[in-house]
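Subject: Handover of a structure

Dear colleague,

Please find below the structure that I am handing over to you.

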Amino acid sequence: MERLSLQQLYTLPTTTSTLPIQQFLFPLFTAPTPFPTELHSQRCCRTTMHRPFEAFPKRQDRACISKQTQAEVEAEEEASYSDDDLSFLSLSEKPDRNMALLDDYEADELDLDFGPNHRSGYVALLGKPNVGKSTLANQMIGQKLSIVTDKPQTTRHRILCICSGSDYQMVLYDTPGVLQKEMHKLDSMMMKNVRSAAVNADCVLVLVDACKAPEKIDEVLEDGIGGDLEEKPPTLLILNKKDLIKPGEVAKKLEWYEKFTDVDEVIPVSAKYGHGVEDVRDWILSKLPNGPAYYPKDIVSEHPERFFVAEIVREKIFMQYRNEIPYACQVNVVSYKTRPTAKDFIQVEILVEKNSQKIIVIGREGKALKLLATAARLDIEDFLQKKVYLEIEVKVKENWRQDEGLLNHYGYGGQIRVI
């Protein structure tokens with residue numbers, strides 16, 4: 001069997017684009033002390049493509065450069081962060097367990113010390129819109145990675161959340177809600193991502209809303225798992241939002257789901273308050289196979305920072321605007337520049353489908369957009385643990401939700417851009 005080199009398995013650049021596990025705790029947890037910068041830059045995603053900022057002349061050095069040379073340097077710097085140089089990370093396939101082939105020295109360098117009882121695997125979170133999948137995923141890893149609002153279909157992408165312990169690693173796929181009707185090309189591509197998540201999964205979690213009348217989950221299982229799998233993975237039904245109904249009602253609904261659904265077990269939880277989450281974790285660990293971790297233990301996602309920056313802006317759009325506006329908006333990070341001697345510069349574009357929507361997003365005298373930018377900037381700074389300069393521009397891109405090429409470019413085809 002051919003061995004893969006350490007370089008093939010992991011690329012560890014000088015600047016960071018993944019998230020250390022100590023950062024950005026979910027509000028229900030006590031916030032720790034800020035994570036040291038020098039440690040934050042040491043562990044990165046294996047597919048990170050950051051270019052060291054030090055490769056360019058420092059701000060104080062540029063005063064000695066001629067105007068023509070300085071313009072060339074700035075153009076080179078701008079080009080280094082353009083989308084043309086971005087690579088893609090696939091979310092459709094889980095990585096091979098080739099770390100099992102590392103020798104002792106390589107494993108020590110990557111801090112990979114796993115015993116024979118170590119468990120690891122992929123877990124798909126399925127369910128209809130607004131049942132609490134993202135809230136549960138955030139509770140499982142102890143951080144707010146997936147955005148959460150009271151609107152259905154807030155999650156559009158399949159969010160890869162890495163939950164690690166000393167003797168396990170579970171990789172959670174937080175998926176968009178299963179739709180009954182697909183109105184746009186965007187909807188069909190999201191549903192395709194839901195199905196591919198279950199194909200890769202070692203076990204499946206199906207969430208239902210305890211506040212609603214019990215109903216068959218055949219549709220969720222059919223749309224989420226499909227009929228292409230030779231063997232259905234172990235499936236757990238999670239009765240979420242148990243805090244909103246009486247204990248007697250919880251018992252009745254548990255009995256109904258155990259009798260009328262084809263699942264291995266039913267567990268009631270309150271994802272919002274963390275009740276029952278440990279029971280879910282124990283069930284998952286009982287189903288995961290033995291094996292080494294897929295990722296280093298100190299990262300919580302393989303998505304780049306720019307992905308979460310865009311998600312934070314989109315969350316604020318959902319919270320600030322009503323009706324069709326949030327669903328007609330696409331948020332892209334156009335430029336992300338790390339500046340050692342100044343605030344990081346982040347340029348974001350918000351795409352809408354109509355000029356009338358653009359007017360609503362901007363608001364009278366730009367007040368609505370200013371309010372949005374301020375709320376987003378504060379959360380981004382809390383997320384990144386650093387000050388940033390956020391610039392937001394609103395553009396019109398007609399029918400972007402029906403344009404397959406654009407949707408693939410925006411990451412809905414099962415791949416995300418990394419820098």
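Accessible areas come from the Shrake-Rupley method with a 1.4 Å probe, and for residues only the protein chains shown count as cover. By that method the chain exposes about 20,200 Å², of which carbon and sulfur atoms supply 49%. Please note that this is a predicted model, in which local features need pLDDT of at least 70 and side-chain atom pairs count only at pLDDT 80 or more, while totals for chains, interfaces and linings use all residues. Residues are numbered from 1 along each chain as its sequence is written, and side-chain values use heavy atoms, with hydrogens and water left out.

Of the 419 residues in the chain, 53% are buried (under 20% relative accessible area, with exposed meaning over 50% and partly exposed in between; 1.4 Å probe, protein chains only). The chain has 13 helices and 11 strands; these are DSSP runs, numbered from the N terminus, with helices (H or I) of at least four residues and strands (E) of at least two.

The sheet comes next. In the order β3-β4-β2-β5-β6-β7, 6 strands form an open sheet with mixed pairing (two strands pair if DSSP finds at least two bridges between them). Because β3 (159-165) and β7 (265-268) stand at the edges with a single partner strand each, one side of each is left without a neighbour in the sheet.

Strand β2 is mostly covered, as 8 of its 9 residues are buried. It runs parallel to β4, with 7 bridges joining the two, and Val123 has Leu172 in β4 as its bridge partner. With β5, strand β2 pairs in the parallel sense over 5 bridges; here the bridge partner of Ala124 is Val204. Strand β5 (residues 203-209) is in turn joined to the parallel strand β6 (residues 235-240) by 6 bridges, and Leu207 stands opposite Ile238 in β6.

A nonpolar core is a set of buried Ala, Val, Leu, Ile, Met, Phe, Trp, Tyr and Cys residues joined through side-chain atoms within 4.5 Å. The largest one has 59 residues, and Met170, Leu205, Ile284 and Ile346 have the most contacts inside it. Helix α12 (residues 367-384) gives the most to this core, with 8 residues. Apart from this core lies another, of 31 residues, including Tyr257 and Leu407.

Which residues does Met170 contact, leaving aside its neighbours within four places in sequence? Among them are Gly121, Val123, Met140 and Ile284, where contact means heavy atoms within 4.5 Å.

Yours sincerely
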